[in-house]
Amino acid sequence: MDERILENLKCVSFGIRIIAFFWDYLIILGYIILLIGVSFLARPQVIPLFTTNPLLAEITGFLFITLPVYLYFAVCEGSKSHATWGKRKMGIVVAGVYGQPIGFGSSLIRSALKFIPWELAHFTIWHMVIPSEYPNYLIYSLLGTVYGLALIYLISPLWSKNKQTVYDSIAGTVIRYKD
């Protein structure tokens, strides 16, 4: 990758990225509140999905929580605006490393990488809460991996010359100010 091209892109600070995420989190929070309301109405049908076994709980949680949030980021950032609501409010977009717009495929990959720690945390927690065949050392190792990945994801923009997270580096994307 030609570092000279990357240097021409104005890097977005870590603080701006965090504020954009907080704006997006309002949407996620609204969705979670809606899910909680619906789950109260459908409680008899919902309880077995989260108490029968960890795999069923993981799949249900993925389908109702992780997948919609993942698609929110992937669709918005792969769209014409190349930004979620929070990024648009902050005047930033997801772009390729040379400043070019990214496609939906790149956005799907970026978002999948971004949410690996989140989904791994869900997997681990379900196997801690509901008895499973996995040994405790594996579950706690996975939990340690979650914390390690989250820490790396959070601090990687601080040491990256172009303020890229690890998942941005792997996906070949940067966060830049909208033209």
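Predicted model: local features only at pLDDT ≥ 70, side-chain atom pairs only at ≥ 80, totals over all residues.
User: In what sense do S1 and S2 pair, and over how many bridges?

Analyst: Strand S1 pairs with strand S2 (residues 173-177) in the antiparallel sense, over 5 bridges. Here is a general idea to carry along: in a regular strand, side chains alternate between the two faces of the sheet.

User: Now the rings, please. How many aromatic pairs does a search of the whole structure find?

Analyst: In general, a pair of aromatic rings is described by the distance of the centres and the angle of the planes. Searching the whole structure here gives 9 aromatic pairs. One of them joins Trp-23 and Trp-85: their centres are 5.6 Å apart and their planes are at 85 degrees, which is edge-to-face. This pair links distant parts of the chain, 62 residues apart, with Trp-23 in helix H2 (residues 14-41) and Trp-85 in helix H5 (residues 85-90).

User: What are the relative accessible areas of the two?

Analyst: Trp-23 has 31%, so it counts as partly exposed. Trp-85 is partly exposed too, at 30%.

User: Which residue lies over the face of Trp-23?

Analyst: That is Lys-89, at 4.5 Å from the ring centre.

User: And which residues do ring pairs link into a cluster?

Analyst: The cluster consists of Phe-21, Tyr-25, Tyr-72, Phe-73, Phe-115 and Trp-118.

Notes: Residues numbered from 1 in each chain as written. Heavy atoms only, no water. Phe/Tyr/Trp six-rings, centres within 6.5 Å; stacked < 30°, edge-to-face > 60°. Helix = DSSP H or I, 4+ residues; strand = E, 2+ residues; numbered from the N terminus. Buried < 20%, exposed > 50% of the residue type's maximum accessible area, 1.4 Å probe, protein only. Lys NZ or Arg CZ within 6 Å of the ring centre and 35° of its normal. Pairing = 2+ DSSP bridges.
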